[in-house]
Amino acid sequence: MQFFGGSESYLQKRRNLKVQPKKKTRIKRFTVTQRIFHLLLILFFLILGSTGLARLYIETSWGKGIASFFGGYETSFQIHKVVGILMICCFLVHAVYLLFKVVWKELPRSLLGPESLLPHPRDIKGFFQHIAWFFHIAIPPKFDRWSYWEKFDYWAVFWGIPILGITGLLLAYPVAASRIIPGWGLNVALWIHRIEAILAMAHVFIIHFFVTHLRRHNFPMDLTMFEGSADLEVTRHERPAWVTRLEESGKLNLLLASETSPRLRILYYLFGYIAMAVGIYLVIGGLANSGSITW
Amino acid sequence: MKKTVFSLATTVLLALILLASLAFSQEEVASPIMRYKQYEASTGYYEEYEVLPQRRRPIISVPGVARGVFPYSPGAAQVRIRTRLVDSHWGIKFYQNLRCRTCHMEQTRDIHTVRANLTCRQCHGGEPIASIQHYYSPMNPIRKHAYICAKCHEGAGASFASYLVHPPNPFLASTRKDFPVLFYAFWTMMVIASVTFVIFLPHAVFWGLRELFTKKEKP
């Protein structure tokens, strides 16, 4: 009887849960638009990375395997081109989005303030103080909304997409490109495209994954970018300057959010770990086979 | 009458023997209306440079040596510059028994050969392979884009043909002289990439270690 009684009370609990208003224990960090941008970025980046490495490593069985997943050497190149153009479009949309996001009325202050992603001298201070904290020399810096490594990640992508996009377009349409630049410029474009792509992949798949998801305080995964919100108390600890500033200005209540449903969280974990697995697979395979290809 | 016909025939015969035979694609390419004129954005004067050679330096050259012989490698044989011969492999012993890659191993390591699976002959043609600077060579820069590149890259112009199919290794110091733009672009990108990793890789490692031994403050 205990059994059935238990299941009854479970249903009761569910009903009660629906009635109760959700507790707002989280702080909103990203809007839906920003989360969609990041989701598209993940998807496009992984496809571009895989199809690009499939071409670069086509001499090895590892590269042939990836290429065959995308339908062979030629098809993976077509996919690389199409997704690359989609990524450029996404970047342009993001650039327009930024124009709407900038608070034009308070121009100098809004771009230099803590809500802005633009680099600021206080980031350099935060960087050195953080390193000093690694070695028990200083207390951890009081980060505001954006820490220096997050700003670096953002601007790395912001500079990477135009570099890869322009060289990529030149290389994808070489005959048309040779009417704009001399043909030998394609030799140069190829190497710029290669090094920037390898830099981007290595940075995302090694440093970004480790710093954001795998270090102890964020393990097993930081879902903030997927959920859009972070735990308020954790954020108060990690970004004290931001939460204090919001409390002082009385804007904290506007940014409070409730828990995401467990089903969505499972989906986010699944997606995040698949993305990480793909990235780590590309890094390990790429490094292991780097000696056996023609550069 | 007979004399006129005879002299005319002799002239035509002599012209056929002494002048090079017509290449049909040459006519097509030099046409002022069609094909390359509409794609090419360089000078627009095709009639001139499609047919007449320019006073252009060979693409492949030895720094400081314009003609004659140059040292192939320190202490090794002196090699005659072969960029203007009818048969660039003229006089090489047992040439029939050699493969291209026996001597040109470096030239087999490029995107066209490795990725697109092209063979040497698909661009360089059959025997005798003329030197690239030879007047009538299809590889001569004055017509390479039409005779070679455009076989696959439809619409290729002279600018397109300046792409180096066998580029120098940008890593090497010698590239600074051969292809300075490639050299400096390569090393600029390498410096950016290296600086990123030199800073952020130890940064991530020390951060990870610090957190490994620091318990997260439970809210």
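Guide: Let's start with A:Arg215, which counts as buried, since its relative accessibility is 7% and the cut-off for buried is under 20%. Keep in mind that this is a predicted model. The partner of A:Arg215 is B:Glu211, and their side chains meet in a salt bridge at 2.7 Å, N to O. B:Glu211 is buried too, with a relative accessible area of 2%. By this rule there are 13 salt bridges over all chains. Here B:Glu211 sits in helix H10 of chain B, while A:Arg215 sits in the loop between helix H9 (185-214) and helix H10 (224-227) of chain A, so the pair joins two chains. Between chain B and chain A the count is one salt bridge.

Now for the surroundings. Across the interface of chain B and chain A there are 14 residue pairs in polar contact, both residues at pLDDT 80 or more. On the chain B side, helix H6 (111-114) and helix H10 (180-212) are the elements that give two or more residues to the face touching chain A. H10(B) brings the largest share, 21 residues. Sorted by class, that side of chain B has 29 nonpolar, eight polar and nine charged residues.

As for the extent of the interface, 46 residues of chain B are in contact with 47 residues of chain A. The area buried between the two chains is about 4,400 Å², and carbon and sulfur atoms give 74% of it. B:Arg115, B:Trp207 and B:Arg210 supply 18% of what chain B buries against chain A, more than any other three residues.

For contrast, look at some pairs inside chain A. The side chains of A:Arg265 and A:Glu227 meet in a salt bridge at 2.8 Å, N to O. That pair links distant parts of the chain: A:Arg265 is in helix H13 (residues 262-289) and A:Glu227 in helix H10 of chain A, 38 residues apart. A:Glu227 counts as buried at 8% relative accessibility, whereas A:Arg265, at 25%, counts as partly exposed.

A:Glu233 and A:Arg236 make another salt bridge, at 3.4 Å, N to O. Both lie in helix H11 (residues 232-238) of chain A, three residues apart, about one turn of the helix. A:Glu233 is partly exposed at 36% relative accessibility, and A:Arg236 is partly exposed at 30%. Elsewhere, salt bridges that share partners join A:Glu115, A:Asp144, A:Arg145 and A:Arg245 into one network.

Note on methods: Residues are numbered from 1 along each chain as its sequence is written. Chains are lettered from A and ligands numbered from 1 in the order in which they are written. This is a predicted model: local features need pLDDT of at least 70, side-chain atom pairs count only at pLDDT 80 or more; totals for chains, interfaces and linings use all residues. Side-chain values use heavy atoms; hydrogens and water are left out. Contact means heavy atoms within 4.5 Å. Buried area is the accessible area (1.4 Å probe) that two parts lose on being put together, summed over both. A salt bridge is a side-chain nitrogen of Lys or Arg within 4 Å of a carboxyl oxygen of Asp or Glu. A polar contact is a pair of N or O atoms within 3.5 Å; within protein, one must be able to donate a hydrogen and the other to accept it, and residues adjacent in sequence count only if both atoms are side-chain atoms. Helices (H or I, at least four residues) and strands (E, at least two) are DSSP runs, numbered from the N terminus. Ala, Val, Leu, Ile, Met, Phe, Trp, Tyr, Cys and Pro count as nonpolar, Asp, Glu, Lys and Arg as charged, and the others, Gly among them, as polar. Buried means under 20% relative accessible area, exposed over 50%, partly exposed in between (1.4 Å probe, protein chains only).
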